[in-house]
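Colleague: I have the model open. Please walk me through it.

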Amino acid sequence: MSSTHNTFVQLGASNHTNKNRETNDYYATDPHALEIFLDKLEEDNIKLHKDIWECACGGGHLSEVLKKRGYEVYSTDIIKRGYEDEQIDFLNEKYFKDDLMADILTNPPYKFAQEFVEKALDRQWEGYYTIMFLRIQFLEGQARKKLFEKYPPKFVYVNSKRQLCAMNGKFEKYSTTAICYCWYIWEKGWKGETIIRWI
């Protein structure tokens with residue numbers, strides 16, 4: 001694959017997206033992206049809850065980082081890939097388990113990113129976090145403006161160095177990316193101004 005073609009795929013250009021994107025939008029996050037984010041949260045004295053639901057876990061790249069940090073992680077995915085605790089379609093799950101008082105942290109499928117955010121926040125417990133690894137362009141758009149007016153993120157952590165996402169978790173095929181990713185943090189019930197920070 002040429003470098004120019006690869007750049008268009010990474011950017012999601014319309015003349016490449018449909019043909020080249022993975023069918024279920026499985027683009028695994030480099031574990032390093034979560035490691036440096038958690039380090040920054042610790043530096044900023046932001047504490048996640050002990051229990052975390054990784055609701056689009058894929059091959060477990062993020063779940064494993066969280067487990068190593070001492071979190072209790074419930075891992076689910078719409079596709080049975082062999083890592084998940086349960087196979088669950090997050091967007092069509094009619095209810096959250098009553099005893100699942102947990103933060104939600106994931107890199108959602110790109111084409112359903114807003115739906116994942118809305119689903120999590122509509123059903124999230126007060127005071128718990130919804131944390132999504134999303135493109136910086138998620139800040140754009142009229143529909144998302146309405147989302148942000150209803151549910152303003154408490155923090156947006158912008159990666160000053162580009163972080164990788166790899167189709168089907170095959171990181172060896174990717175050395176660079178043209179995309180800037182951020183960690184968006186919502187705290188259910190928060191109505192203040194959004195704070196932008198950098199990693």
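Colleague: What volume does the second largest pocket have?
Modeller: About 210 Å³ for the second largest pocket. That is the space filled by probe spheres set on grid points, joined across faces, edges and corners. A pocket is an open set of points on a 1 Å grid over the protein atoms alone, where a 1.4 Å probe fits, with protein on both sides within 12 Å along at least five of seven lines.

Colleague: What kind of model is this, and how are residues numbered?
Modeller: It is a predicted model: local features need pLDDT of at least 70, side-chain atom pairs need 80 or more, and totals for chains, interfaces and linings use all residues. Numbering starts from 1 along each chain as its sequence is written, and side-chain values use heavy atoms, without hydrogens or water.

Colleague: Back to the pocket. Which residues line the second largest pocket?
Modeller: Leu38, Leu41, Glu42, Asn45, Ile46, Lys47, Leu48, Arg69 and Tyr71. Each has an atom within 4 Å of a point.

Colleague: How many helices and strands are in the protein chain?
Modeller: Six helices and ten strands. They are DSSP runs (helices H or I, at least four residues; strands E, at least two), numbered from the N terminus.

Colleague: And what share of the residues is buried?
Modeller: Buried residues make up 50% of the 199 in the protein chain. Buried is under 20% relative accessible area, exposed is over 50%, and partly exposed is in between (1.4 Å probe, protein chains only).

Colleague: Next, where is lysine 50?
Modeller: In the loop between helix 3 (31-43) and strand 2 (51-54). Its side chain reaches the backbone oxygen of glycine 70 at 2.6 Å. That is a polar contact: N or O atoms within 3.5 Å, one able to donate a hydrogen and the other to accept it, with sequence neighbours counted only if both are side-chain atoms.

Colleague: What does lysine 50 touch?
Modeller: Gly70, Tyr71 and Glu72, leaving out residues up to four places away in sequence. Touching means heavy atoms within 4.5 Å.

Colleague: Is glutamate 84 buried or exposed?
Modeller: Glutamate 84 is buried, because its relative accessibility is 12%. It sits in the loop between strand 3 (72-77) and strand 4 (86-87). Polar side-chain atoms of glutamate 84 lie 3.0 Å from the backbone nitrogen of arginine 81 and 3.2 Å from that of glycine 82.

Colleague: What about glutamine 124, buried or exposed?
Modeller: Buried, because glutamine 124 has 7% relative accessibility. Its loop runs between helix 5 (113-123) and strand 6 (129-135). The side chain of glutamine 124 reaches the backbone oxygen of tyrosine 129 at 2.7 Å.

Colleague: Switching to rings. How many aromatic pairs are there?
Modeller: Eleven. Rings of Phe, Tyr and Trp (its six-membered ring) pair if their centres lie within 6.5 Å; planes under 30 degrees apart are stacked, over 60 edge-to-face, the rest tilted. Phenylalanine 133 and tyrosine 181 are stacked, because their ring centres are 4.8 Å apart and their planes at 15°. That pair links distant parts of the chain, strand 6 and strand 9 (residues 181-187), 48 residues apart.

Colleague: Why does phenylalanine 133 count as buried?
Modeller: Because its relative accessibility is 1%. Tyrosine 181 is buried too, at 9%.

Colleague: Which residues do ring pairs link into a cluster?
Modeller: Phe37, Phe133, Phe155, Tyr157, Tyr181 and Trp183.
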